[in-house]
Every structure is written in C-alpha cells, then in structure tokens.
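Subject: Handover of a structure

Dear colleague,

I am handing over to you the structure shown below. Please look through it before reading the notes that come after it.

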Amino acid sequence: MSKITDGILKAVKQVKGGVLVDHHKDTKDMATVRITPPERVILPMQQHIGAPCSPLVKVGDHVDVGQKIADSDQYVSAPIHASVSGKVTAVSEVKVANGRLLPAITIENDGEMTLSEEIVPPKVENKADLIKAIRNSGLVGLGGAGFPSHVKFNIPDDKNIDTLIINAAECEPFITVDYRECIENTRNIVDGVYLLKKVLGFKNIIIAVEDNKPDAIKILKEIADSHKDNAVKVMTLKSKYPQGAEKMMVQSATGKIVPAGKLPADVGCVVANVGSVAFIARHVRTGRPIISRTLTVSGSAIANPMNVRVPVGIEASKVIDFCGGFKKEPVKIIAGGPMMGTALIDTDVPILKSNNALLAFADEIRTNKKERDCIRCGRCVAACPMNLIPTDIEALSLNKDAEALSKAGIMVCMECGSCAYSCPAGKPLVQYMRLGKDVIRQAGAKK
Amino acid sequence: MKKLTVSASPHVRSSFTVPHIMLDVIIALIPALIASIVLFGFRSLLITAVCVVSCIAFEYISRKIMKRNTTISDLSAIVTGMLLAFNLPVTIPLWMCVIGCFFAIVVVKQFFGGIGQNFVNPAIGGRIVMLVSFSSAMTNWTAPLEWKNGLDAVSAATPLASLGIGSDMTGLPSLLEMFLGVRGGCIGETCAAALLLGFVYLLIRKVIKPIIPLCFVGTVAVIMLIAGKGSFEFMLYEVLSGGLLLGAIFMATDYATSPITSKGKVIFAIGCGIITAVIRLFANLPEGVSYAIIIMNILVPHIETITKPRPFGAEKEKKSKKEEAAS
C-alpha cells in the first residue's frame, strides 16, 4: 500500500554517529511472567521528572490497590498510587537507585489486593478529558526518562503538531520490555494509537522499530494496515545505538532536526514510548492507574533471566530472588540498560515506574578499561550522534571554561554513552560531559 | 554479597584499546620490514631493532625523569621506532639512529606531554633532524639485492633523483620493480606491495580510515599527471618512488597530528599532496613527503578550527549574528 512512503522513510532511517553494541536480547522470546506480590512496597515521592509529590496518607492508614496516595499541585508532576492493598507502615526517607534519599511511603501488603473504589474508567471525549485522565493515571514515560506523559501530550494550541512517533526501537542492549509489549499487548497498542489520533488530531503516526525485531515489525505492520486511512506507518530502523533517542527518532521519521534547546514539539512531532501508548488505552478502558510495570531481568549473574511484571515499589532484591537469584557473584547491578542505566549500590532499592530493566553482571563485563591518555583517534567524534567533539569537551570541562563549553554545544549532549563506549583510551567521557554541564549551570547561577 | 561496583554509565565498553591499535599498526608494518630485509639485508633488521629499543628506552627514561606514569605498555614507542627506521638508508651509522630516536621520543613527543600531545609526527621530526644534521649519511643510497653478492654498499641513485619531467626514463627500474621495491631508497619505503598490504590490514581492522592516504596519493598523482603532460608512466613513477606510500599510509594518518573530522582530514591530505608535489617539482630537494607532512601537522589546529562540526540542531553562527543585527 504505502510503498512510496516506505521508501522515503527507509532513505532517512539511519542517523549519523552511534555505535554497534551487542544486542544481548536474550529474553525476547520469554513471555512476561507476573511476580508474586511482595510483603511490602516502597513508593518514593518522586518517580518522574518534575516536582516531587506530597503524601496524602499517614502511618496506620489502610489503602487499596490503585488508591492515590501522593500528589502534587505542580503541573509538571505525576501522582503516585498504591500498588498493593494494606497498611501504611512508614512515611520516611529511603534510598533510591541513584543513591539519593527520597521521602517514601511504605505499604505492608495484606495479601487481599482489594481494588480501590477510585478505579473507574474515565470519560474521554476531548483533549482536556484525555490529558486529565493521563495525569490521574500517574503515567510517566515508560521508556526510561520518566517525563510526565500528560505534559508531553498537552500540546499548546499555538503549536502545529501533526506527527506522533511511537518509539518501539528499544536500542539499549538486553532490554526486551517494548518488544514483549508489541507481541503481547498488540490490542492495546492499536487502541492507543487510534485513541491518540482521534482525540489529539495527529495526521501521521509512525511506529519506529529496529530491524533486529522482525516479529514485532510484522505485528506492527498488521496494525498499520488494519485501518484503511493510511495514517499509520511502520518505520524500520537499522539496529544501531542510540536510534531510540527522541531527537534521532524525529530525524529518522521526518528528516527534521530538533533545534538545540528545543523539543520535538517545535518541529511538529511528539515522541511516545510504545508501552506508554498501550497503557493509555488500557487506562481509558479500565481506569487502572500505573501500579505495575514490566522489567527485563537479565545479565550474566542472573540465574533465570526473564521479563517480569512487577508492582511499582517492589524491592529490587525481591525481583532478583523471583528470577532465581544470582548464579554468579554479581559485580555490577544496573537499573536500566547498560548504556544509560544507573549502577546500584545495593539491591534493597525500590523499582520505580520508569525502570525498564534490572541487569546483574558477573566480573566478565567490560565495565571499564585502563584509562590512558587520549590519542585523538576521533572514535568519540565519529560515534557522537549530536556532532560534538567529546575529547575537546573533556579538556574544557577540566578547565571549567563555561563559555567555551556552551559554544562547543555540550548542552545538546544526551549522555547516550556512545563516546565512552568507543573510546580506546578508556576515558569516562560521559562523566566529563556531566561535569561540563554542571560548570555551565554553576556559571549561570553566579550571574 | 561483595561490594558492587558503582560507576557512571555506560556500563559496557568496546574491546578496542590503545595497545590494540598500536599492535595493529605494528602488524601492518611487518610486511614492509620483511621486504626491507629481503631487499637490503639483515642490516635493515638491525637498524629497526636499534630504533625500536632506543625509542622504548627513551620513552621509559624520560617519563621516569619527568615523574610521570610509565607509558611503554601502550606500544606507541615501538611504532615510532619502526617508522623512523623505515625512513633511513641501510648504510646509516647506528649511533645516528639513536640520536634520531632521542629527538623523536624526548623532544617531539615527551616534551609536549607524551602520546596524543605531540604537534608533529615524532618519526618525521626525528628523521628531519637527522636529514639536516647528517645529510650525506642520510642520502647514501645503496642498490637493492646487492648484499647477497657480498658486495659492500654499492652506491646507487634513487629513482626520484634521476626522475624529471621529460627526462629519459630508460635508466630507471621498471614499474614492476618499483612496485616490488627493487630500487634504491630508505629501507621501509621502497616496497609498495608490502605497504599496500599493511594499508589493507589497517582498513580491515578499522585502525585508520582510507580518506587521508587516498587524498594524499591522489593529489600527488593528479598534479604529476598534469606536470608530466598526461604521461601515466611518469605519474606512476612519482607515486611509487620516495616515501610517498609509507608517509601517506603510516605517517600522515597519525591520530594526534591529523585532523579529527573527515572534512579536516581531506583538507590535510590534499595539502600534504600539494606540498609534496611542489617540493618534488620545483625545490632543490629530491623528496618532499616528510616536509609536506610536518608542515601540514603544524597547520592541523587551524584546519580543526575551520572544520569544527556544528552541534546537532545548533544554528549557523552567521545566521544568528544577522538575527541579532535585525532585532
């Protein structure tokens, strides 16, 4: 049907830079397994980008599954819901994956899993209804960044947005959550696509997948062809990290370049994770907020790697135990993918809404190499999808030269890690990028 | 459970390391080393060994004196030693080799901060100092393959010295001999076949991109074709003689002294080609590759300034200035 457009999409499907990383999608054929609900869940008050929530319950209160237990009056924020039923046993500070301490609500599971009366399907007739429903559902981008979804979809009327790009690229190694979503929740994806199209008025919808997932491509093509209006297209991308990055997606799908410091909305696009789209459809149908999510548990130290559906707030150690524990002594445990994830200090941290993987590695993982002097081989420059010169930025960051750093374009860096991955001298280039951004922030604060 | 490693992302790294890269360059130089032994005898192996050992020693000693960490394990000193040796005639006294290595490693490389910081290629820097200091010893050429007959240093002119526009080419080795390296010259530069083998290996191993050697040699070829009034024979003699292939494949591609972007590499390589051709055609010197590379090495920071890539989504600078003026 849309042979011509397919041709055009293929012509731009590969963007500059990036690195070829071993895929390790070992769990791709494993159907998602539901975990036994844990004895307790810990729900930090900030599981998203934006303002933290304040607790709506206190110690001793009884809560039901899906009951809203924390919210914020700020726009850029997302409410938090109880993922088990039972008694609130603590409202205190807990350690989260990145090592920070956050206030959190601990709920002791009573084993009943009583559904809250708050769960009623929302009425969605127009944009305002949909945005309200998404906010009430507590949805944040399920791809990993955790940006509140209602903000993303609440497009200002003065912006002419016509393209929705659905991100199923999943370019991080190991993670197979979005892939399983395509295979297992096809119905919800279809519903979500057409709901968003109808209510938000998108003209084009492009579902982007990397070409190492032929089964997902086949299923998504069926979705695209199921409606005769030709508005939904599937775009296959070369499997190359970081194809799934938002700005890369927009460029691959439309050929447009998002200006530095701007959002995809500024070039008429919205990019949403495939899981988020499927969730919206399910929420509108059932009213259930985001209280569980799928995780890929994998890596060389995990006994039984699998995709597992867990309640939000479950401790990482419980998830690992469910997957058979460790078969080898782990040296590194990562929340998220190996390229951009966060290394855990220990495993008693809670799983958040935006976590998509829990990876544990034994000592053969090439986490670091001996750091040597830069030989200016240019591999980081060739790998940078943002056209930066990471090796120069290293020097500027160490010199704390804020002006030169912003001139070098450091703020467009998305910390994808392609530079550090490819560096033969083992330089921690991503850290220098973060250092450089901090130098600019501090210089800005002084002014 | 043992303590977990906590470090910044990414948590996986490629298998490429600096010693791997240097080892690949060393492997790529082996065919030329074997060719040099066949053509000029075991003394070329001796020269190479002396250069390699003195480069390693100077690197070790200078880092120790400067109280910096030892870097001989990155293997770059071996590469420098081999390249410098390949640029010497087989008759060179060994003590001169040591002086060349001293200059290459200590003055050019370590005085400026070690690997990656040198502003010109160390091997070329060392060679030029030797060329200026010991000009007769550095241009004392011997005929190839004569060592087998037990004859001591039969002197011979290099083809490049006898090559001129419109000059008689009958006295020169055949093009096949030129390609196989059966001609007078520095020990490592003559055998084009061996150098090209190394080139292919470097490309397969992704150590270098083909852009610099192709643009460098291509520029020389085009200029020589024009200068030779369309004579392909003259052009091929020019490409195969002197140190052009050795320089274009192994020395102009030195990471630290060539531009980091592809656009910059093209400018750099074409510049090398033009200077080489101009020196060969118009200057008094018979050979220009080393000087061409060293001049372009010095210009690299300027080439990098004008070829700096624009960050993703950044506006063109000129445009924003216009906008400022308008507002």
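The notes below cover a sheet, the cysteines and the cavities. Please bear in mind that this is a predicted model.

**The sheet in chain A**

Four strands of chain A form an open sheet in the order 11-10-9-12, with parallel pairing. Strand 11 (232-237) and strand 12 (269-273) of chain A stand at the edges; each has a single partner strand, so one side of each is left without a neighbour in the sheet. On average, neighbouring strands of this sheet are turned by 25 degrees against each other, direction ignored. The partner of strand 12 is strand 9 (residues 163-167) of chain A, and these two pair in the parallel sense over five bridges. Within this pairing, A:Ile165 stands opposite A:Val271 of strand 12.

**The cysteines**

The count of disulfides over all chains is zero. For A:Cys419, the closest cysteine sulfur is that of A:Cys416, at 6.4 Å, which is too far for a bond. A:Cys419 is buried, with a relative accessible area of 9%. In chain B, B:Cys51 is likewise in no disulfide, and the nearest cysteine sulfur, that of B:Cys101, is 3.9 Å away. A disulfide requires the two sulfur atoms to be within 2.5 Å. B:Cys51 is also buried, with a relative accessible area of 0%.

**The cavities**

A search of the whole structure finds eight cavities of 30 Å³ or more.

The largest cavity has a volume of about 360 Å³. Its lining consists of 24 residues, and those nearest its centre are B:Met22, B:Val79, B:Phe250, B:Asp254 and B:Tyr255. Two or more lining residues come from each of helix 1 (18-40), helix 3 (76-86), helix 5 (122-133) and helix 12 (244-251) of chain B. Helix 3 of chain B gives the most, with four residues. By class, this lining has 16 nonpolar, six polar and two charged residues.

The second largest cavity has a volume of about 140 Å³. It is lined by 16 residues, of which A:Leu142, A:Glu181, A:Gly275, A:Thr294 and A:Arg309 are the closest to its centre. Helix 4 (177-184), helix 8 (274-286) and strand 13 (292-298) of chain A each supply at least two residues of the lining. The largest share, four residues, comes from helix 8 of chain A. By class, the lining of the second largest cavity has five nonpolar, six polar and five charged residues.

With kind regards

How values were computed. Residues numbered from 1 in each chain as written. Chains lettered and ligands numbered in written order. Predicted model: local features only at pLDDT ≥ 70, side-chain atom pairs only at ≥ 80, totals over all residues. Heavy atoms only, no water. Pairing = 2+ DSSP bridges. Axes fitted to C-alpha atoms, helices over the stretch in contact; angles between N-to-C directions. Buried < 20%, exposed > 50% of the residue type's maximum accessible area, 1.4 Å probe, protein only. 1 Å grid on protein atoms, 1.4 Å probe; cavity = no way out; pocket = protein on both sides within 12 Å on 5 of 7 lines; lining within 4 Å. Points joined across faces, edges and corners; volume = space filled by probe spheres on them. Nonpolar A, V, L, I, M, F, W, Y, C, P; charged D, E, K, R; others polar.
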